[in-house]
Amino acid sequence: MADIAFLLLIFFLAATTMDSDTGLMRQLPAIPDPNVPQDINKINDRNILEVKVNKDNLLLVEGQLTEFTQLREIAHDFILNANDEPNMPEKEIINIPYFGDVAVTKAVISLQNDIGTKYGVYIAVQNELIAARTELRDELSRREFGVPYERMDEDRKGAIDDYIKVPISEAEPKRIGE
Amino acid sequence: MAKFVKTGKRTIKAINTSSLPDIVFMILFFFMAVTTMRETDVMVTVRIPDATEGKVLEKKSLASFIYIGEPLEAFQAMYGTEPKIQLNDTFKELADIQDFIAQEREQLNEADKTKMLVVLKIDRDTKMGVVTDVKQALRRASALKIMYANTNVDRIVLQ
């Protein structure tokens, strides 16, 4: 009996893979219904941070050639708009649980790529944008509750997510650079 | 006065091993429970990209996997070296994704169908053209929750 148990044990010991998959979670937009009129209310240009990776894997932020290492800071400052500058995202007063009436940024990040862009670079750029957003959420969490965002309970996490929403949209790509 | 008297020889008793099978069974059951067998053989070279913000995939049962990359050398004679899409155990075309998603969704419980997640394991050197086509196919199949698989690192170094 014990021999068989040992045999099984050793088999499972050898066959077990404990590693878990990690990845960036994303929600794709649904295909728009052609019968439903599209939302004509375009997003104000000042609210959009246009990030583009071209076929040579170069990074363009608002049309400007930018170093990859600077991206996180640029996105961070853009979302925060600490001095309420007129060319940076607008803010809107919204009531959010735990916070009350607060000025919530209307910032949106638009990520575009060419057909020839390398997937690794694209993911790296997306990662930086997500990191910038997470950083801001973490700062807010520490400031308001004194606890890092990661260790927050789900309710408060949701409130923080509402405060710093900043959708990252993956735009339909342009058919150039094949 | 008390006397300390040594009586007889000291012998070391053998450890009682009667509970050993219990322990072994416990470990056995633990490994049985945590084991996940690799169901699919990956037939493409996939070096997933590095990132710092990756989240752990918690419910593997809800996930379907799509692999994209160069076919392994053994398959290159037949399929060439251009990135190919692998669904389950075979190379497939873009048009097959919709069927694949429908089929995977069929296997889930009614309650889990909306929580279905597609994990994209894509080689870092793949061109975005292929990736975008797959993304569009997923949108058409209304599999909107996706995860770009990556390895978590402390710092990203772009090659």
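The model is predicted, so local features need pLDDT of at least 70 and side-chain atom pairs count only at pLDDT 80 or more, while totals for chains, interfaces and linings use all residues. Residues are numbered from 1 along each chain as its sequence is written, with chains lettered from A and ligands numbered from 1 in the order in which they are written.

I start with the helices, which are DSSP runs of H or I with at least four residues; strands are runs of E with at least two, and both are numbered from the N terminus. In chain A, α2 (residues 71-80) packs on α3 (residues 119-145) at about 45°, and their axes are 8 Å apart. Axes are lines fitted to C-alpha atoms, for helices over the stretch in contact, and angles run from 0 to 180 degrees between N-to-C directions. The two helices are therefore oblique to each other; under 35 degrees counts as roughly parallel, over 145 as roughly antiparallel, 65 to 115 as roughly perpendicular and the rest as oblique.

Which residues meet? From α2(A), they include A:Leu71 and A:Ile79, and from α3(A), they include A:Val125 and A:Leu136. Contact means C-beta atoms, placed from the backbone, within 7 Å.

Now the two chains. Their contact takes 42 residues from chain A and 46 residues from chain B. On chain B, the elements that each supply at least two residues include α1 (20-34) and β8 (145-152).

Strand β1 (residues 22-27) of chain A runs antiparallel to β8(B), joined by six bridges; strands pair if DSSP finds at least two bridges between them. A:Leu24 stands opposite B:Tyr148.

Notes. Two residues are in contact if their C-beta atoms, placed from the backbone, lie within 7 Å.
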